[in-house]
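Please read the following briefing alongside the sequence and the three-dimensional structure.

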Amino acid sequence: MKSIRIGSGLGFYGDNWQPVAASIERGGVQFIASDHLAELTLAILQKDRQCDPALGYARDVVPMLMKLWPLMREHGVRFVCNAGGLNPRGAAQAVLAAFKAKGWQARVAVVTGDDVLPRLQEAETGFDHLFTREPLAGVRERLVFANAYVGAKPIADALDAGADIVITGRVADAALFLGPLVHSLGWTLAGASSEQDLNRLAQGLTVGHLLECSGQGSGGNFGSQGAWQAIPDLAHIGYPIAEVYEDGTALITKAPQTGGLINFDTVRQQLLYEVHNPHAYFSPDAVLDMGRITLHDEGFDRVRLTGARGTAPTDTLKVVAGFRDGYKAEVTWGFSWPDAWDKAQAAQATIRTLLKDKRMAHDELYVEYPGLNSAHGALAPRPKADALNESNEIWTRLVLRTQDKTAADGFGRLFPWIGLSGPAYTCGFTGLHNTSELLGIWPTLIPRAVVESGVRVDYLEGVA
């Protein structure tokens with residue numbers, strides 16, 4: 001039975017690509033699929049684009065491919081990524097310029113059409129917030145980007161046409177992996193309706209979901225109390241690889257002589273990551289039901305995946321939009337023993353008084369205590385004040401959120417004088433001058449036909 005091997009690339013913008021090289025050199029992969037975009041990442045890329053219209057893409061794609069391309073060429077590996085972000089064409093042009101300087105040639109395809117900002121800006125109704133049902137009207141004038149989650153078809157089309165490297169914008173994470181599977185294994189995607197076709201797509205989506213987070217799928221970030229210590233050699237972790245067969249059966253593994261661990265527990269942890277409803281995991285290509293999935297641990301970093309079930313996709317696609325949402329400024333500030341807790345409370349009260357006295361408009365003053373409750377927030381039990389006052393030090397992080405940039409710019413100036421005129425033994429301040437613009441996220445739905453009619457696959461210069 002025909003099969004292919006596909007390896008995980010990055011799990012986020014700035015992730016480590018050295019394990020990808022190990023998958024190419026020793027993992028027997030034909031494809032690498034690399035996920036550079038979290039919802040937050042689009043906000044980061046928008047700030048880049050505000051500074052320079054030629055940016056707006058995940059800039060790590062250029063140094064990454066400069067390291068990987070010689071290995072890819074030697075081993076016949078093709079590469080799919082969503083590093084294009086808000087500017088896929090700009091990302092491709094940057095890659096090709098770097099390749100040209102080295103005298104390298106590659107067939108590069110660009111997938112566009114996910115940008116739906118004009119649709120949202122022009123709409124008089126619709127596009128309510130997906131969870132709160134608030135109308136878009138409240139933020140429409142402040143929108144700065146809006147991108148739909150596109151499916152696997154344009155990726156498969158680009159590979160069918162011979163692309164070595166496919167650079168997309170905002171596609172569904174698992175679609176990065178499903179595209180190469182559809183291309184290589186001949187699966188039916190467009191118009192899939194039979195149980196066999198939909199179940200194969202569901203298996204492919206599950207593979208993508210298991211591989212989309214780089215080392216998290218092979219024992220990284222493993223949180224099982226008392227068991228995480230047994231994950232070997234995280235310094236040289238191997239990213240997960242899937243060997244996928246024509247019938248959809250998949251074997252999850254990793255390259256030999258790499259760290260990390262592929263077993264039943266590490267795979268099932270990733271399986272449930274960011275899943276709201278395991279019986280209805282929506283994607284542009286199918287709706288995945290995980291309820292009958294079987295994970296069979298074969299040992300030696302091998303877990304067999306079967307049993308995913310699929311149904312036809314909906315007639316809408318998810319959109320992630322971003323809008324200008326004011327400003328923030330933050331200061332972290334510490335006090336030492338004795339009475340560290342009481343000092344921190346007194347100092348915080350002083351800042352609140354100054355905000356009121358100076359009439360500095362703000363929506364929120366958020367306070368947390370690193371080392372005490374910043375990881376678990378309200379779920380972290382707080383010791384009594386007497387015990388906290390015996391602490392060696394208490395650090396406080398204060399974040400001002402405001403619609404007034406002047407208030408944000410002035411926040412840091414409230415603090416320095418307290419070093420000599422406030423409670424004793426200040427440990428120091430960090431972040432006195434760090435105003436930044438906030439971008440809010442607006443999830444919504446858009447008719448599929450509106451988006452897919454504008455999706456394009458283009459081939460840029462640099463074709464061999």
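What follows describes the helix contacts first, then the sheets, then single positions.

This is a predicted model, in which local features need pLDDT of at least 70 and side-chain atom pairs count only at pLDDT 80 or more, while totals for chains, interfaces and linings use all residues. Residues are numbered from 1 along each chain as its sequence is written, and side-chain values use heavy atoms, with hydrogens and water left out. Helices (H or I, at least four residues) and strands (E, at least two) are DSSP runs, numbered from the N terminus.

**Helix 1 and its surroundings**

- Helix 1 (residues 18–26) packs with helix 3 at an angle of about 5°, their axes being 9 Å apart; axes are lines fitted to C-alpha atoms, for helices over the stretch in contact, and angles run from 0 to 180 degrees between N-to-C directions.
- Helix 1 and helix 3 are therefore roughly parallel to each other, given that angles under 35 degrees count as roughly parallel, over 145 as roughly antiparallel, 65 to 115 as roughly perpendicular and the rest as oblique.
- Val20, Ala21, Ile24 and Glu25 of helix 1 make this contact with Met64, Leu68, Leu71, Met72 and His75 of helix 3, where contact means heavy atoms within 4.5 Å.
- By class, the contact of helix 1 with helix 3 has seven nonpolar, one polar and one charged residues; Ala, Val, Leu, Ile, Met, Phe, Trp, Tyr, Cys and Pro count as nonpolar, Asp, Glu, Lys and Arg as charged, and the others, Gly among them, as polar.
- Pro19, Val20, Ala21, Ala22, Ser23 and Ile24 of helix 1 are buried, where buried means under 20% relative accessible area, exposed over 50% and partly exposed in between (1.4 Å probe, protein chains only).
- The cover over the buried residues of helix 1 includes strand 1, strand 2, helix 3 and strand 7, and just after helix 1, Gly28 takes a positive phi of about 65°.

**Helix 3 against helix 4**

- Helix 3 packs with helix 4 (residues 88–102) at an angle of about 40°, with the axes 9 Å apart, which makes helix 3 oblique to helix 4.
- Helix 3 passes helix 4 in a right-handed crossing; a crossing is left-handed if the near helix is turned anticlockwise from the far one by less than a right angle, and right-handed if clockwise.
- On the helix 3 side, Val61, Val62, Leu65, Met66 and Trp69 meet Ala94, Val95, Ala98, Phe99 and Lys102 of helix 4, and the residues of this contact divide into nine nonpolar, no polar and one charged.

- An open sheet with mixed pairing is formed by 10 strands in the order 11-12-8-7-1-2-3-6-4-19, where two strands pair if DSSP finds at least two bridges between them.
- Strand 11 (294–297) and strand 19 (456–459) are the edge strands, each pairing on one side only, and the twist averages 20° from one strand to the next.
- Four bridges pair strand 4 (residues 108–112) with strand 19 in the antiparallel sense, and Arg456 in strand 19 is the bridge partner of Thr112.
- Helix 4 lies across strand 4, strand 6 (165–168) and strand 19, running at about 165° to strand 4.
- Helix 7 (residues 175–185) lies across strand 1 (3–8), strand 2 (31–34), strand 3, strand 6 and strand 7 (240–245), at about 160° to strand 1.

- Three strands form an open, antiparallel sheet in the order 9-10-13, with strand 9 (281–282) and strand 13 (309–311) at the edges.
- Strand 9 and strand 10 (residues 287–289) pair over two bridges, and Tyr281 stands opposite Leu288 in strand 10.
- Helix 8 (residues 195–211) lies across strand 9, strand 10 and strand 13, running at about 115° to strand 13.
- Asn199 lies in helix 8 and is buried, with a relative accessible area of 13%; leaving aside its neighbours within four places in sequence, Asn199 is in contact with Ala308, Arg309 and Gly310.

- Strand 5 (residues 143–148) is mostly covered, six of its six residues being buried.
- Five bridges join strand 5 to strand 14 (residues 316–336) in an antiparallel arrangement, with Ala148 opposite Val319 in strand 14.
- Gly76, in the loop between helix 3 (61–75) and strand 3 (78–81), is partly exposed, with a relative accessible area of 49%.
- Gly76 and Ile241 are 165 residues apart in sequence and 16 Å apart in space, C-alpha to C-alpha.
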